[in-house]
Amino acid sequence: MERKLRRLFSRAYEDIEINIPRVEQREFGIGNLEKKIYKRHLAFLSLEELKAFLIREAPFYISYSAAYYQNPSAPMEKKGFLGADLVFDIDVSLEELEKAKEDVLYLYDVLKQDFGFKDIVINYSGNRGFHIHVRDPEALGIGKEGREALVEYFNLQKFDYKELLKHYTAYRGKKDAEILATGGILGPSPREHKAGFLGKFLTNLYGVLDEKGRKFLLKGDWRYVKSSHVKKALEKTRLRLDVDNQVTSDLSKLIRMENSIHGSTGLQAKVLSLEKLEGFDPWEEAVVFSKEKKVLVQMKESFRIPRKNISLQEGKLYRMPEYLALFVVLQKKAILKD
Amino acid sequence: MGLDKDLLARAKRAWELFEKSKNPDLVEKDLLWPLMVFAYFRKPSLYPRLLDRYAKEEWKHIDKEKFIEERIPLKDYLNYLYDFPLYYRDVRKGWVRIDRDKDGLEVLKKQITQKIASIPREEINKRFKDWRTQAEVRLLKVSSHPPCIEALLKKAKEGKNMGHYERLALALYLVNIRLPEDDIVEIFKSLPNFKEKTTRYHIQYVKEKGYSMFSCDKMKELKLCVAECGIKHPMEWHYGKKAQKTL
């Protein structure tokens, strides 16, 4: 069965375009049906070589390093670290992909508006979520601690509004008005996501105050701001994400290669434009196996295909489109019968 | 700053003074830097206080407006000020507004630490070799040891009888942290069947042969490991993995 699956992966890779920037400086790792990464420290000199490898070996999983190295195939301590893409992983579930999309959009906006990044690539993970790769030169040199700080900006694990007020003293006075004017609702083109977390918070705080409170706030005077106002403003402001800290902060982490086929689903880790993201449905856009060709499978256990509303019974035989058959087989819920 | 020629001499002097006063605030100004270098590599618990004093002193003479802007690039913030959550700051388009006085000092501190951290550990070991023996004696009194060694030390102190491998492990450890022979003998003195001559002979034997300390695996095998303390070799407790080689 494994050989048959491999043949299908190999054929699919013939039609997949791979485009990885600085491919020759990345470390690659491949996986089989038992282990997602069983071999690492692989390196390719060119995209052509990588593609030939994919067609020839047809690995069930392929990951690459966010990091760039002088010698990507050398042992860890001899690789010669040159920098690393800033990567975020939003991992939810196939069912909750819509929620994940919202998170990705928020994250994307913050990366752009707050952090000023421009070179941002979003891809479907091939399974339960999305990956975001930031490749701006300014991002590549951020250290482990700095990356952890960025994750915290999204996850708000240690957020404490009393602390906010304490730190806030540095910005009081004229600065309240300035932040509100340049980033918030008072600005020439009011846009919520313009002025960072603090700007959003101030804008929302301004919004929940009455006339008098607003007037004073603009002068940096918080005397009419009650803790109930702060709480309300915070609720409006904070969008707690669940970004995987380890993926972002581990500089030697291998991450699913974009546009590769995910060996747990048979779906493609497809790169998505922002416009495509909203309407993205993996059962449409991420399918690489045939939708017409029918394949016979036998269920090992009862299973429901997520986002499809198809329930399958243990022990039964089903003839279904190849892409769905591969999904249930790779999920280890069924075996190929042909 | 840096590793100039007389750093060693000055560090020695600084350490002696510090040993007397135990008060980092009383260390002479020009001895502060060598003592800090020492502390960073050898006595991390002392380091933050020294750094604090040193940086504050430097900060007085720095032209703050030249040193740091009121808005700094995000990447600089993440390099120097990552300990302070970003969401309390005004962050826009990759620029972070900071407090020149408060944050500037923190940036300076990080820069100093990064400078010290960039000194190769091997270099430090070489430079500080001569007087390490003396320092380690004191280190033994003031600092801690891995749990397995603590257990052995306790046993020795309480005058319990110790098996061959227990004695050997403890002796190897003490020799390897360069405790003077007299001090090692002192530690074994409480053992019921203690014989000074025999003890000295064994210590010298171990020293001459240059035996290194048992690894944690070996300690486990000998059933002398008492806790999962997260290290792979008992010597790591003091020197870290790299320094181990140069001992």
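A salt bridge is a side-chain nitrogen of Lys or Arg within 4 Å of a carboxyl oxygen of Asp or Glu. By this rule, Arg26(A), Asp85(A), Arg135(A) and Glu258(A) are linked in a network. The structure is a predicted model, in which local features need pLDDT of at least 70 and side-chain atom pairs count only at pLDDT 80 or more, while totals for chains, interfaces and linings use all residues; side-chain values use heavy atoms, with hydrogens and water left out. Residues are numbered from 1 along each chain as its sequence is written, and chains are lettered from A and ligands numbered from 1 in the order in which they are written.

**View 1. Salt bridge between Glu27(A) and Arg40(A).** The closest N and O atoms of this pair are 2.8 Å apart. Glu27(A) lies in the loop between helix H1 (2–14) and strand S1 (28–31) of chain A, and Arg40(A), 13 residues away, lies in strand S2 (residues 39–42), so that the pair links distant parts of the chain. Helices (H or I, at least four residues) and strands (E, at least two) are DSSP runs, numbered from the N terminus. Glu27(A) counts as buried because its relative accessibility is 0%, whereas Arg40(A), at 32%, counts as partly exposed. Buried means under 20% relative accessible area, exposed over 50%, and partly exposed in between (1.4 Å probe, protein chains only).

**View 2. Two further salt bridges, one in chain A and one in chain B.** In Glu284(A) and Lys291(A), the closest N and O atoms are 3.2 Å apart. Lys291(A) is partly exposed, at 31% relative accessibility. In chain B, Asp63(B) pairs with Lys66(B), with closest N and O atoms 4.0 Å apart. Asp63(B) is partly exposed at 42%, and Lys66(B) is exposed at 73%. Over all chains, the search finds 31 salt bridges.

**View 3. The largest cavity, with a volume of about 120 Å³.** A cavity is a set of points, on a 1 Å grid over the protein atoms alone, where a 1.4 Å probe fits but cannot get out; lining residues have an atom within 4 Å of a point. Grid points are joined across faces, edges and corners, and a volume is the space filled by probe spheres set on the points. The lining has 14 residues, of which Cys148(B), Cys216(B), Cys225(B), Ala227(B) and Cys229(B) lie nearest the centre. Helix H9 (147–157) and helix H13 (216–221) of chain B are the elements that give two or more residues to this lining; H13(B) supplies the largest share, three residues. By class, 11 lining residues are nonpolar, one is polar and two are charged. Ala, Val, Leu, Ile, Met, Phe, Trp, Tyr, Cys and Pro count as nonpolar, Asp, Glu, Lys and Arg as charged, and the others, Gly among them, as polar.

**View 4. The second largest cavity, holding about 60 Å³ of space.** Among the residues that line this cavity are Ala66(A), Asp85(A), Arg147(A), Asp250(A) and Lys253(A). Six nonpolar, one polar and four charged residues make up the lining. Asp85(A) also belongs to the salt-bridge network with Arg26(A), Arg135(A) and Glu258(A).

**View 5. The interface of chain A and chain B.** Here 32 residues of chain A are in contact (heavy atoms within 4.5 Å) with 17 residues of chain B. The two chains bury about 2,200 Å² between them, 62% of it on carbon and sulfur atoms; buried area is the accessible area (1.4 Å probe) that two parts lose on being put together, summed over both. Zero salt bridges are found across this interface.

Terms used
1 Å grid on protein atoms, 1.4 Å probe; cavity = no way out; pocket = protein on both sides within 12 Å on 5 of 7 lines; lining within 4 Å.
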